[in-house]
Amino acid sequence: MFLSDVRREFYEVIVTQRVLLLVASDVDALCACKILQALFQCDHVQYTLVPVSGWQELETAFLEHKDQFKYFVLINCGANIDLLEVLQPEEDTFFFVCDTHRPINVVNVYNDMQIKLLVKPDDDLNVPAYDEIFRDDEEEEEDSGNESDGSEPSGKRKRFEEAVVERTMKRRERRVWEARRQEILFDYEQYEYHGTSSAIVMFDLAWKMSKDLNDMLWWAIVGLTDQWVQDKITQMKYVTDIGILQRHVSRHNHRNEDEENSLSIDCMRIAFEYDLRLALYQHWSLYESLCNTCYTSASLKLWSVQGQKRLQEFLAEMGLPLKQVKQKFNSMDMALKENLRDMIEESANKFGSNLEKLYHGLELAKKQLRAIQQTVASCICTNLVISQGPFLYCCLMEGTPDVKLFSRPVSLCLLSKYLLKSFVCSTKNKRCKLLPLIVAAPMDVEQGTVIMVGIPPETESSDKKNFFGRAFEKAAESTHSRTLHNHFDMSIIELKTEDRSKFLDALISLLS
């Protein structure tokens, strides 16, 4: 069931209990978890944190801890499956679910006892009405003892015939209702998409409790930014939510000049300002950032010689010498950037290894972006993206550079989005520009498995709704393919390599 008062129905319930946190491994979930942990620390709530990356880990964690805990908080996992059917908990076990995955399973929505959903009331959920998908009355069983042998009195026979007619009418009504129910559920469940950031939901809770801090606000901003960067939400949704957070930024960071001058160097301050959407450009060179940002790489077609020439012309037109843009961004404006770096270095002793981890993370992010752009260039130049009729398809072969990186769902999803945008910019086929994309990569060579991800078409009006989750499910069922749906995003699937051909054939037939 949906909670109408998150503070009263969620936080005030668990604040006196021992709680198990089951947290997905995406950035938004981690930010939401940080906010909740800060609240728990403030109120001395006893909790245990278990990270989970898929359904198997979620089930294992629950089984290992179900005897010690009765209250479970699930962040960015659990909303889009029937939790009670999967986990089979005792009746005195309660689940509080804060999850961006949509659509929410209807059993979770209408379970008033054990499932509590933390969802922003302004999210457009379109959940079917209870009466449209559930019936409280069971179909009456046939009474075999009431069968007539033709020798009964006419009055009794007439009553029997009326009862038969009534039962027949009820069965017919039931079949009509069942057919309508299936149609309603199909319309509701066929597209996968994402709702409001879980980090924003948790920050909203902290704000309503007057316990929100600047750190929490920053985590909410990072959680929303992750949704935007990962292409999980529409631009309109991003603009709406960032507008809400902007008001909180103004509230938390409004200081007069005297207060501003008295701030210590380690006091965090958040400022709202417009920025270039270039990947890691403040931690890289502007040239590297332009080459490894999806939009600029695709628009300029940087995988081609002509594209590299266009980049040179673009930089020349802006009056930026190549020597300057190939330096670290910090070096482009010496006076300001070097002073800022000095301040960070002076604080390095205080932050210790955290700063090293930050730099290490930035280097890994750069490595990932370079690998993605090189793979995109290779796929485009060797025509690996092919039309399969209702969708585009690209298969990365074993031995492809950085192929192990793309056995990980997050990296493969990011590659898929970069690849589709680049393909749309490079192809002259108007029909292909409107098609969704499936990308496959080797998962485990020894076990003979591949991982597949499906993403919606790359269009300006895209609502970010993804139909591949249900399509993958139906294709696997119809072909008896050996698959594993272990990811919280249903549009990601693992299957045996030898089943890939029949699985794809079924998908083509299903979506044509």
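## Cysteines

Cysteine 294 is buried, with a relative accessible area of 11%; buried means under 20%, exposed over 50% and partly exposed in between, with a 1.4 Å probe and protein chains only. Cysteine 42, at 46% relative accessibility, counts as partly exposed.

This is a predicted model, in which local features need pLDDT of at least 70 and side-chain atom pairs pLDDT 80 or more, while totals for chains, interfaces and linings use all residues. Residues are numbered from 1 along each chain as its sequence is written, and side-chain values use heavy atoms, without hydrogens and water.

The whole structure holds zero disulfides, a disulfide being a pair of cysteine sulfur atoms within 2.5 Å. For cysteine 294, the closest cysteine sulfur belongs to cysteine 425 and is 8.2 Å away, too far for a bond.

## Second largest pocket

The second largest pocket has about 750 Å³ of space. A pocket is an open set of points on a 1 Å grid over the protein atoms alone, where a 1.4 Å probe fits, with protein on both sides within 12 Å along at least five of seven lines; lining residues have an atom within 4 Å of a point. The volume is the space filled by probe spheres set on the points.

## Lining

Of the 28 lining residues, Asn80, Asn105, Glu189, Arg470 and Glu473 lie nearest the centre of the second largest pocket. H7 (154–189) is among the helices supplying at least two lining residues, and H7 gives the most, with six; helices are DSSP runs (H or I) of at least four residues, numbered from the N terminus.

Because domain 1 (1–131 + 186–272) and domain 2 (385–511) both give residues to the lining, the second largest pocket lies between them. The domain bounds come from an automatic or database domain assignment.
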